[in-house]
Amino acid sequence: MIGDILVRMRGRHTHGDAFSTYKRTALREYVDSYRDETADHFVNGTSKDIGNPSWRRSFPHVLVAALSSFLFGYHLGIVNETLESISLDLGFNGNVMAEGLVVSTCLGGAFVGSLLSGWIADGVGRRRAFQLCALPMIIGAVMSGTTNDLWGMLLGRLFVGTGMGLGPAVAALYVAEVSPTSVRGTFGSLTQLSTCVGILASLLIGIPAKDIANWWRVCFCISAFPAAALAILMEFCAESPHWLFKRGRAAEAEIMLEKLFGGLYVKSAIAELSKGDRGDGADTVKLSELLYGRYFKMVFIGSILFALQQLSGINAIFYFSSSVFKTVGVPSELANIFVGLANLSGSIFAMILMDKLGRRVLLLWSFMGVAFSMSVQAIAASSLVSGSAALYMSVGSILLVVLAFALGAGPVPGLLLSEIFPNRIRAKAMAICMAVHWVINFFVGLLFLHLLEKMGPVLLYSIFAGFCIVAVAFVKKNVLETKGKSLQEIEIALLPQE
């Protein structure tokens, strides 16, 4: 188990700086009073007498954060229906390399954004990080929608991609840190649901692009409005109490906790935050600690989880499913809507089940479901099945892959990693793992058609199914259940205080 692996990692990084020592001492004195008052009642992050905080206070803050996930999904899918119109208007129709760059430039920007997300989120806070995420999305959307040449489109997509990479990582952090323990899984799944809604919205709004001149420009420019709403509304949202507490701003953390949970829960929440506090300064995390130091195994496990998520073949399905549907006479517009609805349905079920069944169970069953569906896809492409039966098996298995993925393999890794990483390294560790996600995503999209041509569909889909089986074994061995545990309880279980 991950706890057994990590419990042996010892050592404590300390500061000799006098100001840091003063700040840590003052912070401990501040929270000691809360510890004393709540010692008899504090159990699992809440009082036995007062129960769990209501989800209603924190829900509006989570909903605003979910706008970043909506934008992520929207920009991921917007070129699906509009690429043909874009290429005709901007003069690169038939240039496969140019069309590929319009898609992949965004992924390259997302890699850069995700890699920087941890340092930005720790440096300026979660709220300001969201606003910085919205800014390049606004600029990029307007540039893409008003450009008259390919280079303007590529630059706009690069800006948008930077925001896309920054948003999901910060959203995972923020939602985990502002949600009550009892609904943290549900709220975490809401970000995945928002991504699905964004994808579906982009597919629907892009349908008229082939019939209405310059409609693709509207599709890009209109996305600036939810980005602006994210930047403005985040000004009224609570800052993460975890970030404030880590920065030594315990009084402000208390105010935010009251805003998120209610005054009745402030003392127990401060005491809970102090359980995970080891007096580490906010600027003490070194990259070496994450890549080959005491936290390496945690980051390694998180990176492998994201890599296996992408190697399940889900993006190959998202990117290239239209061609399979066309063979049975289903127009690409309807095909994309079917895939979007399957994705949305799975995400809704995941949101309902996340805090009931738990993260680990959903992850295991999801990967097994994708493995089964990919196997059906491979059989449909083989000589064992022919004619209309093979075509309908292909269509059915594509929808099953999307549905099974959305039930767990899609939403769980981001939520789970934001829970298991200690507060001290959470943002930067998430940044590294998300960067791995984007690298694998890029290469799957880049190489899928080439490998499909060289290997054939039977072998390639079998390989995807094999990666899903590996993921099942990996999750069984390395992933612990976090349902119903506070972030501090999870941190202490993995890295107990000395």
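A residue is called buried when its relative accessible area is under 20%, exposed when that area is over 50%, and partly exposed in between, as computed with a 1.4 Å probe on protein chains only. The structure is a predicted model, in which local features need pLDDT of at least 70 and side-chain atom pairs count only at pLDDT 80 or more, while totals for chains, interfaces and linings use all residues. Residues are numbered from 1 along each chain as its sequence is written, and side-chain values use heavy atoms, with hydrogens and water left out.

**View 1. Ser373 in helix 17.** Ser373 lies in helix 17, which spans residues 359-381, and it is buried because its relative accessible area is 2%. Leaving aside residues up to four places away in sequence, Ser373 touches Ser397, Leu400 and Val401, where contact means heavy atoms within 4.5 Å.

**View 2. Helix 3 against helix 9.** The axes of helix 3 and helix 9 (residues 224-233) come within 9 Å and cross at roughly 155 degrees; angles over 145 degrees count as roughly antiparallel, under 35 as roughly parallel, 65 to 115 as roughly perpendicular and the rest as oblique, and the two helices are therefore roughly antiparallel. Helix 3 contributes Val64, Leu67, Ser68, Phe70 and Leu71 to the contact, and helix 9 contributes Pro226, Ala227, Ala229, Leu230 and Leu233. By class, these residues are nine nonpolar, one polar and no charged.

**View 3. Helix 3 against helix 7.** Helix 3 (residues 55-90) packs against helix 7 (residues 184-206) at an angle of about 35 degrees, with the axes 6 Å apart. This contact holds 17 nonpolar, 12 polar and one charged residues.

Methods
Axes are lines fitted to C-alpha atoms, for helices over the stretch in contact, and angles run from 0 to 180 degrees between N-to-C directions. Helices (H or I, at least four residues) and strands (E, at least two) are DSSP runs, numbered from the N terminus. Ala, Val, Leu, Ile, Met, Phe, Trp, Tyr, Cys and Pro count as nonpolar, Asp, Glu, Lys and Arg as charged, and the others, Gly among them, as polar.
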